[in-house]
Amino acid sequence: MKHLKFVLVMAIAVNVWECSDAKFGEKGEISPRRRRCYDGSLPKRLKKRDRKLSLDSSVEVCHRLYPRVSCCPSKRAAYQILHRRDARIFSTNNTECAKLLEEIKCARCSPHAQVLFQSPDLDKGPRGEANLPRLCPDYCRSFYYTCRGHIPELFQADVDEFCQYYGRRDGGLCFPDFLRKQTRGPASNYLDLDQYEKIEDINRKHKHNCYCAQEVVSGLRQPVEVVHCGDGSQRLFILEKEGFVKILTHDMVLIKEPFLDIHKLVQSGIKGGDERGLLSLAFHPNYRKNGKLYVSYTTNQERWAVGPHDHILRVVEYTVSRKNPNQADVRTQRVLMEVAELHRKHLGGQLLFGPDGLLHVVLGDGMITLDDMEEMDGLSDFTGAVLRVDVDTSSCAAPYSIPLNNPYFNSTNQPPELYAHGLHDPGRCAVDRLYMDANGSVVILCTDSISRNSTAGRVLQILKGKDYEHEPSVLELKSGSTASPVGGFLYRGCQSRRLFGSYVFGDRAGNLRILQPPPEGVVGGAWQEKALCLGSSASCGSSLSGHILGFGEDELGEVYILATSKSMVQSHSGKLYRLVDPKRPLVPKECQRLVQAPELLATACSRHCKNGHCTPPGRCCCSAGWDGPFCRVAKCEPACRHGGVCIEPNKCYCKSGYSGEQCEKGEGGTTGG
């Protein structure tokens, strides 16, 4: 009995010593077995009656989390603790985020609150007193992805930095499930198993190769392409197949008035598989100064009505309006080239400028055979090819010149515009705007079909002078799918570090893939392909659905996806998505760029060239009947005589006493000598 009393006395003494001990040990953290509330007091054990009531309640979140031992002795006291501080930070209208915030607030009722909040690492943090407890790694990531867009004051870093500061990585106590090795159950101070599985499920959705498709704008009518003009305004130009180009401003406002309206010139198809319509748009690399843009479209005009073909593919140059930077001047139309087409598939038609400043025109084979070409008088020599021309010419006689290093510049049996050939159904190409190889050639990747009558796809790296009827491809896609491939872009954006340098593409069925280039310095290395995982709407806020129509790129290098939930002929069902890396902030600080207002065209040529057109370098080319440096002098043929003045083309204004078209008649109607 004496020994038993001695043991009890020692136990009480040890307990008193532990309760009066300092909060932190040598390493600045108390033992996990020493339960302490946030203010240092001991938590209170709930009675069986209160514990049963709290378990049956569906309203009191905190008492369900801590049914046995709690730092909130009553329901009323619990919510006084929760709401007396952090009201501004812990406020959101998002339902999913609000649920997590209610749980996190309950950490102050935890019997381990002192450990969760008063870790020395948090005390040294930039925010002083911690707003959040130490979060378990999976819970931390779930909280970050769910709430980052709704509480911007709390999220100023990417997920790894955020969870490195607020998370627990050393296996110690963390919210919400504390010691992970202990058994969970309704009578313990841990979340139930369903909640844990939900957290693990969200964590799986954001595994290493998963991204989000963020919906940007909807209600588009058959969108086929989205491009930027590179003038610092960060505007996006969305092409609609019928012949409209619309502007999406940097703050995601779709301007009602079209930037370009040529629907009366464009012949577009209304049935599935008919590729006719407005095909592509490319802005001149020096667009900010010269205002030049180039479009390709299919048309059917009267002079092409004779023959087996019913339409042509036309490439046209336009100039932006001098009065409105959000509108192109259709009166400045200048035709660069025309290609006759026989069928309504495999048209291609994409336009793109490389970092060398040259315009590339990508054309499909049009499903044209050799017999068809003979009937069409050689008008389709360009089909199934990539053309390369120089639009920066000051010549008024031709709209472009041929680069001297084109592979067939001096050829007698191939068009000099030809850069590569052997393509069938190119589904968009991408040029790497930041890289040229050792020979000074640009890097171009295209998706294509393997043959004229095959749906199997391939990815090609376009090289000068190659014939892709026989050249190997970078990647051959599986032939089991009936969906044709759709080319994307080489990602050169800033938002996603892990996607940088990868080629993003897909197919019309909505499947996305990426190709990663071989390591630098590896000669003959193979590109690595893998599926691009997209998170669900629950984890990303929106999800990509339907058919992929095309890809786009903004001024900062971020990739966009055009898709529709219905068939392509349906009205206003097109949507624009932005590809986002959920492991990073939506717009990291290092990715932010100053938005510049679009400027009016103010070159000397645009101001003074009234009776002609300006070339991209800035020369004024006069229309028929005009002459002079800026086409201000009328050119009369035949010339005026007897001192007459030529003001308008082919019309003389005669001096007094003379008349006639050339002022050749003197007084009395006689011919002057």
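Strands β13 (residues 359-363) and β14 (residues 385-389) pair in the antiparallel sense over four bridges. Two strands count as paired if DSSP finds at least two bridges between them. The model is predicted: local features need pLDDT of at least 70, side-chain atom pairs count only at pLDDT 80 or more, and totals for chains, interfaces and linings use all residues. Residues are numbered from 1 along each chain as its sequence is written, and side-chain values use heavy atoms, with hydrogens and water left out.

**The open sheet**

- Strands of a sheet pair through backbone hydrogen bonds, either parallel or antiparallel.
- V361 stands opposite L387 in β14.
- Four strands make up an open sheet, in the order β12-β13-β14-β15, with antiparallel pairing.
- At the edges lie β12 (348-353) and β15 (418-421), and each pairs on one side only.
- From one strand to the next, the twist averages 15°. Axes here are lines fitted to C-alpha atoms, and angles run from 0 to 180 degrees between N-to-C directions.
- Strands (E, at least two residues) and helices (H or I, at least four) are DSSP runs, numbered from the N terminus.

**Nonpolar cores**

- A nonpolar core is a set of buried Ala, Val, Leu, Ile, Met, Phe, Trp, Tyr and Cys residues joined through side-chain atoms within 4.5 Å.
- The largest one has 31 residues, and Y139, F143, F162 and F175 have the most contacts inside it.
- The elements giving two or more residues to this core are α5 (95-105), α6 (113-117), α8 (137-147) and α9 (159-166). Helix α8 gives the most, with six residues.
- A second, separate core has 28 residues, including Y491, Y503, I548 and F551.

**D432, a residue in a strand**

- D432 is found in strand β16 (residues 429-436).
- D432 is buried, with a relative accessible area of 4%. Buried means under 20%, exposed over 50%, and partly exposed in between (1.4 Å probe, protein chains only).
- Its side chain makes a polar contact with the side chain of R492 (2.7 Å). Such a contact is a pair of N or O atoms within 3.5 Å; within protein, one must be able to donate a hydrogen and the other to accept it, and residues adjacent in sequence count only if both atoms are side-chain atoms.

**Q495, a residue in a loop**

- Q495 sits in the loop between β20 (485-490) and β21 (503-507).
- Q495 is buried, with a relative accessible area of 1%.
- Q495 and L556 are 61 residues apart in sequence and 9.1 Å apart in space, C-alpha to C-alpha.
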